[in-house]
Structure formats: C-alpha cells, structure tokens
Amino acid sequence: MIRSVILNRGIGNDDNGGDPALHREHVNDTLALPSARATLLELPFGMTDLARLRLLVTRRAEDAGLCEPRLSDFVLAVHEVASNAVVHGGGKGRIHLARTDAGLRCSVADGGPGLNCPEPCESASLPEADEAENGRGLWLAHALTDDCEVTVGQSGTTVTLVAFLS
C-alpha cells in the first residue's frame, strides 16, 4: 500500500493572500518532476556522509539562488529528513536535489520498513514536549519548507521537500 501525504504550509497564510487555489497551482508546478538537466545533486548516503551531504546541499541550493534565511531552513529540513532515512530507514538513503521553474525540489528516499503514520507532521503546532530528544524531524521539515510530501510504500519512504525561490 502506498500512502502519500502532502503538507503545505502556505495554504491559509498571508504569504499568498489566503487563497489556497493560487498556491496549489504554484505547488503543482514546483512538484512536477524536473528534467535530468535540472539535477543539482544525486547520490546515495549513509551515516558517515551526513555532514558532507549538508555541505553539498548548501552549496547547490545557494548556487541555484536560494538565499538566507530560507537557505539555512531548507538545508536543515533536508538534513533532518536524511538523518531520519539513516536512523529509521535501514542505515542509508538516496538524495535527489533538482531545480525547477519555481524553486528547489529535494527527494530523500530510504529502503526501510516505512512509517506507520506520517500525519503527525501536519500539525500546525510543535508536538507535545516529553523526555524524548528526537521524533520531531518531519514536523521540523514541514515547518521549514514550502511543501513536504511523504510517500510510504513497501520499499521504503520518500520525503520530498520544496523551497520556492521567490
């Protein structure tokens, strides 16, 4: 069974005048699969690659035109998702970062058992505090990007993050 959850922090916010239809059209354009020419980074990674991966994503996103503070937000979101892939998805993952007409699209895939319920990151508020030091990666990725799509299948989980350039 494949489940897909699209999380969109722009809908209902003042950044698009509160008109979800306008924002959704823009999101669909950005989520469209980019051509091979638009690929900025594509590689497998493991635990020992996370620091290097963060540096590569920073450089590629900056070269593509993403500026601070959005650059740091996007890189942190990608790092959280990549860390989740390593910790919960079988010890390794694969990243694909691409430039689209409207922004950047980054997919992180793993071959792990999949999530039982990706919906908690839909919440508009921070998950309840407890003694746990982790468990907020998807929530953070959602909060720091323009779109967050989680696709769960038998062969693992893919998280796709989008950052608009304008």
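How many helices and strands does the protein chain have? I looked this up and found 4 helices and 6 strands, where helices (H or I, at least four residues) and strands (E, at least two) are DSSP runs numbered from the N terminus. Along the sequence I read the pattern β-α-β-α-α-β-β-α-β-β.

**Ground rules.** I am working with a predicted model, in which local features need pLDDT of at least 70 and side-chain atom pairs count only at pLDDT 80 or more, while totals for chains, interfaces and linings use all residues. I count residues from 1 along each chain as its sequence is written, and side-chain values use heavy atoms, with hydrogens and water left out.

**Confidence.** I checked pLDDT, the predictor's confidence in each residue from 0 to 100. The chain's mean is 78, and 65% of its residues reach 70 or more. Over residues 1–26 pLDDT stays under 50. Where pLDDT is low, the predicted coordinates should not be read in detail.

Buried means under 20% relative accessible area, with a 1.4 Å probe and protein chains only. This core has 33 residues, and Leu-41, Phe-45 and Leu-53 are among those with the most contacts inside it. Helix 3 gives the most to this core, with 9 residues.

I then followed Leu-53: beyond its neighbours within four places in sequence, it is in contact (heavy atoms within 4.5 Å) with Leu-41, Leu-43, Phe-45, Ala-82 and Ile-95.

**Cysteines.** Cys-106 counts as buried because its relative accessibility is 0%, and Cys-148 counts as buried at 0% too.

Terms used:
Buried < 20%, exposed > 50% of the residue type's maximum accessible area, 1.4 Å probe, protein only. Core = buried A, V, L, I, M, F, W, Y, C linked by side-chain atoms within 4.5 Å.
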